[in-house]
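Morning, everyone. Please look at the model on the screen while I talk.

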Amino acid sequence: MQRAAGGTARLYLAVAAGGFRRYATYGTATAAGVFTNTVFGFIVAYTYIALWSERPGLGGYDQAQALTFVFVSQSLLAAGAIIGGGFQEELQERVRTGDIAVDLYRPADLQLWWLAADLGRAGFQLLGRGVVPIVAGALAFQLALPADPVRWLLFLVSVALGLVVSFGLRYLLGLAAFWLMDGSGVNLMATVVSIFFSGMLLPLTLFPGGFGELVRALPWAAMLQVPLDVLLGKHAGAGAATGALAFQAGWALALLGAGRLLQSAATRKVVVQGG
């Protein structure tokens, strides 16, 4: 049993490594993405400077924290596939062409296979597109990057959980192709929702009242808002940090469970249609 478990772990590690290598071959696209994230970071940064000059302390952040929010969020966009670029389009295409039948015959779990591949992709994007925007922002502005290594460690754990939450949402989108003829419409809607509710445009702490509480309780907040608040020390203390990570882990488990149920229904649909 231990040998079988070890073989399964090696399989998914190999799939993750393959996902990393696959995206590492796109050097030109990576360079273009780094340039885009950095330039967009500067555009948003100057907008934030004007906004925070008029409203100091807006959303509970000082100006340095707000600028840190901008550049770190830019470093996470590609890894979290917040504006696209993940696996869901490929999964939908495989469903449309019928190639998904080959995937189902593999001696591997469909959900874990795609999760491993997507985490490999995200790992490359974190390294390939995540470092330069932060360095550029730190050189041009005063950022509130922490010196505490423990907070950086908690941030990395939070980022990992956010990536799993992102996968869980996008896996549901991919499986929707079993019932939809064309996934482009639902993908576009999902991108718009992800941009707004993740905190990419504005920190979710800026939204007041019940609406603010709602958006901060949705799974998209776990993708960007929570990791950034962990980095900025908004969840200082063991209890607060544990609560933030538990929030992310809860959504990750819920979405993976929902994906498992939808996968089961989709598999039955394939069997019925295929006889």
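This is a predicted model: local features need pLDDT of at least 70, side-chain atom pairs count only at pLDDT 80 or more; totals for chains, interfaces and linings use all residues.

Residues are numbered from 1 along each chain as its sequence is written, and side-chain values use heavy atoms, with hydrogens and water left out.

Start with helix H2, residues 27–54, and helix H6, residues 110–140. Helices here are DSSP runs of H or I, at least four residues, numbered from the N terminus. The axes of H2 and H6 come within 9 Å and cross at roughly 35 degrees. Axes are lines fitted to C-alpha atoms over the stretch in contact, and angles run from 0 to 180 degrees between N-to-C directions. Contact means heavy atoms within 4.5 Å. On H2, the contact residues include Gly33 and Phe42; on H6, they include Phe124 and Arg129.

Next pair. Helix H3, residues 63–80, packs against helix H7, residues 149–175, at about 40 degrees, with axes 10 Å apart. Val72, Leu76, Ala79 and Gly80 of H3 meet Phe155, Val159, Leu163, Ser166 and Arg170 of H7.

Now the serine. Is Ser198 buried or exposed? Buried, because its relative accessibility is 0% (buried is under 20%, exposed over 50%, with a 1.4 Å probe and protein chains only). Ser198 sits in the loop between helices H8 and H9. Among its contacts are Ile82, Trp220 and Gln225, leaving out residues up to four places away in sequence.

Technical notes:
Helices (H or I, at least four residues) and strands (E, at least two) are DSSP runs, numbered from the N terminus.
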